[in-house]
Amino acid sequence: MSGPEDSPVDGQVFMLAAAKASVGPGRLSELLTCVQRDLDDRFDTYRREFERVVDGEDREVFLVPMDHWETVGDRLGLDRREIEAVARTHAEQLRRIGSETDRREEFETALEIREAVVVGR
């Protein structure tokens, strides 16, 4: 099961994030698609500047500074709730990957001081 169109987020992760978000599922889907397009444009920058913790067939995950999603949100004109919903979705995707690869504890520790960015290929 896949997440929204043009998003590297799994369907189950999307549903979990949508249930916790203060934006509706339809809006969250739009946000994730918009954000993915923005991230795609900066993919080479992520590879050069940030730690890649997952290098998968269909996505890569990077750890970025804590204010990263605010910067992206400002660039895209998102409000606080929308920024939080996107950030939560990306963090939940990293947690799910961690659970599937026996790295959950490592990723939880990393998320205490950094944020996750999931970029599709």
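This text walks through a predicted model, from its sheet to its helices and on to a few single residues. Local features need pLDDT of at least 70 and side-chain atom pairs count only at pLDDT 80 or more, while totals for chains, interfaces and linings use all residues. Residues are numbered from 1 along each chain as its sequence is written, and side-chain values use heavy atoms, with hydrogens and water left out.

Start with the sheet. Helices (H or I, at least four residues) and strands (E, at least two) are DSSP runs, numbered from the N terminus. Three strands form an open sheet in the order 1-2-3, with antiparallel pairing. Two strands pair if DSSP finds at least two bridges between them. Strand 1 (51-55) and strand 3 are the edge strands, and each pairs on one side only. On average, neighbouring strands of this sheet are turned by 25 degrees against each other, direction ignored. Strands of a sheet pair through backbone hydrogen bonds, either parallel or antiparallel.

Now take the two pairings in turn. Strand 1 and strand 2 run antiparallel and are joined by four bridges. Here Asp55 has Glu60 in strand 2 as its bridge partner. Strand 2 (residues 59-64) also pairs with strand 3 in the antiparallel sense, over six bridges. In that pairing, Val61 has Val118 of strand 3 as its bridge partner.

Why is strand 3 largely enclosed by the rest of the structure? Strand 3 covers residues 115-120, and six of its six residues are buried, so the rest of the structure largely encloses it. Buried means under 20% relative accessible area, exposed over 50%, and partly exposed in between (1.4 Å probe, protein chains only). In a regular strand the side chains alternate between the two faces of the sheet. In strand 3, Glu115, Val117 and Val119 point one way, and Ala116, Val118 and Gly120 point the other way. All of these are buried.

Next come the aromatic rings. Rings of Phe, Tyr and Trp (its six-membered ring) pair if their centres lie within 6.5 Å. Planes under 30 degrees apart count as stacked, over 60 as edge-to-face, and the rest as tilted. The count comes to three aromatic pairs by this rule. One of them joins Phe43 and Phe62: the ring centres are 6.3 Å apart and the planes stand at 80 degrees, so the pair is edge-to-face. Phe43 lies in helix 3 (residues 43-49) and Phe62 in strand 2, so this pair links distant parts of the chain, 19 residues apart. Phe43 is buried at a relative accessible area of 15%. Phe62 is buried too, at 0% relative accessibility.

Phe62 also pairs with Tyr46. This pair is tilted, with 5.8 Å centre to centre and 40 degrees between the planes. Tyr46 is in helix 3 and Phe62 in strand 2, so the pair ties together parts 16 residues apart in sequence. Tyr46 is buried, with a relative accessible area of 3%. Ring pairs link Phe43, Tyr46, Phe50 and Phe62 into a cluster.

Turn to the helices. Two packed helices are described by the angle between their axes and the distance between the axes. Axes are lines fitted to C-alpha atoms, for helices over the stretch in contact, and angles run from 0 to 180 degrees between N-to-C directions. Helix 2 (residues 25-41) and helix 4 (residues 68-76) have axes that come within 11 Å and cross at roughly 100 degrees. The two helices are therefore roughly perpendicular to each other. Angles under 35 degrees count as roughly parallel, over 145 as roughly antiparallel, 65 to 115 as roughly perpendicular, and the rest as oblique.

Which residues of helix 2 and helix 4 meet? Cys34, Val35, Asp38 and Leu39 in helix 2 meet Trp69, Val72, Arg75 and Leu76 in helix 4. Contact means heavy atoms within 4.5 Å. By class, this contact has six nonpolar, no polar and two charged residues. Ala, Val, Leu, Ile, Met, Phe, Trp, Tyr, Cys and Pro count as nonpolar, Asp, Glu, Lys and Arg as charged, and the others, Gly among them, as polar.

Helix 2 also packs on helix 5, at an angle of about 75 degrees with the axes 10 Å apart. That makes helix 2 roughly perpendicular to helix 5. From helix 2, the contact residues include Leu28, Val35 and Leu39; from helix 5, they include Ala85, Val86 and His90.

End with Asp102. Asp102 lies in the loop between helix 5 (80-100) and helix 6 (104-111). Its phi is positive, about 60 degrees, although Asp102 is not a glycine. Asp102 is exposed, with a relative accessible area of 77%.
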